[in-house]
Amino acid sequence: MSSLIPDGDRLKQTYEDLESRPGASCIMSVDGHSVLAVNLLRWDRSPDPVDWDKVGSPYKHAARREVSFPGYASIGSSHAIVQATCNTRTAYMSFVVDFSGDRVENTSTGYKKLQRFIDDFVPQETKKFDCTK
């Protein structure tokens with residue numbers, strides 16, 4: 001299985017904190033082509049109910065997946081929606097991840113590449129936003 005980010009001459013990463021609320025936007029591109037975009041928000045309220053078996057239905061091979069952190073996720077070959085549980089019952093973080101380019105594997109097991117990224121990235125960000133310790 002190939003890596004998430006393709007080889008190239010120029011890797012560029014932008015990470016911008018949002019001004020309006022706790023959150024950030026991160027984009028990775030290789031040779032001027034976007035390959036990964038993540039939008040994340042911290043919410044200081046209880047999450048709305050979500051049917052995690054259906055939320056990813058518009059995306060290829062998306063389904064509810066078990067993740068390495070407290071929370072829920074619908075992860076497909078090129079798109080993921082994630083809800084990470086904070087240490088308090090009245091806070092959580094939401095993540096929307098878009099993966100594009102020739103490294104996307106539109107197969108029934110293609111989600112595993114994106115899931116490995118999510119299992120690593122989400123816990124780092126929840127700590128950064130004082131959601132978890």
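Here are legends for a few close-up views of this predicted model.

The model is predicted, and local features need pLDDT of at least 70, side-chain atom pairs count only at pLDDT 80 or more, and totals for chains, interfaces and linings use all residues. Numbering runs from 1 along each chain as its sequence is written, and side-chain values use heavy atoms, with hydrogens and water left out.

**View 1. The disulfide of Cys86 and Cys131**. A search of the whole structure turns up one disulfide, meaning a pair of cysteine sulfur atoms within 2.5 Å. Here the sulfur atoms of Cys86 and Cys131 sit 2.0 Å apart, and the link is left-handed, with -105 degrees about the S-S bond. It ties together distant parts of the chain, 45 residues apart: Cys86 is in the loop between strand 6 and strand 7, and Cys131 is in the segment after helix 1. (Helices are DSSP runs of H or I, at least four residues, and strands are runs of E, at least two, numbered from the N terminus.) Cys86 is buried at 7% relative accessibility, and Cys131 is buried at 2%. Buried means under 20% relative accessible area, exposed over 50%, and partly exposed in between (1.4 Å probe, protein chains only).

**View 2. Cys26, a cysteine in no disulfide**. The nearest cysteine sulfur to Cys26 is that of Cys131, 18 Å away. Cys26 is buried too, with a relative accessible area of 6%.

**View 3. The largest nonpolar core**. Such a core is a set of buried Ala, Val, Leu, Ile, Met, Phe, Trp, Tyr and Cys residues joined through side-chain atoms within 4.5 Å. Helix 1 gives the most, with six. Contact means heavy atoms within 4.5 Å; leaving aside neighbours within four places in sequence, the partners of Leu36 include Cys26, Val97, Leu114 and Phe117.

**View 4. Ala91 in its loop**. Ala91 is found between strand 6 (79–85) and strand 7 (92–99), and is buried, with a relative accessible area of 4%. Asp44 is 47 residues away in sequence, yet 4.3 Å away in space, C-alpha to C-alpha. Residues touching Ala91, not counting those up to four places away in sequence, include Trp43, Asp44 and Cys86.

**View 5. Asp31, with a positive phi**. Phi of Asp31 is near 50 degrees. Asp31 lies in the loop between strand 2 (23–30) and strand 3 (33–43), and is partly exposed at 31% relative accessible area.
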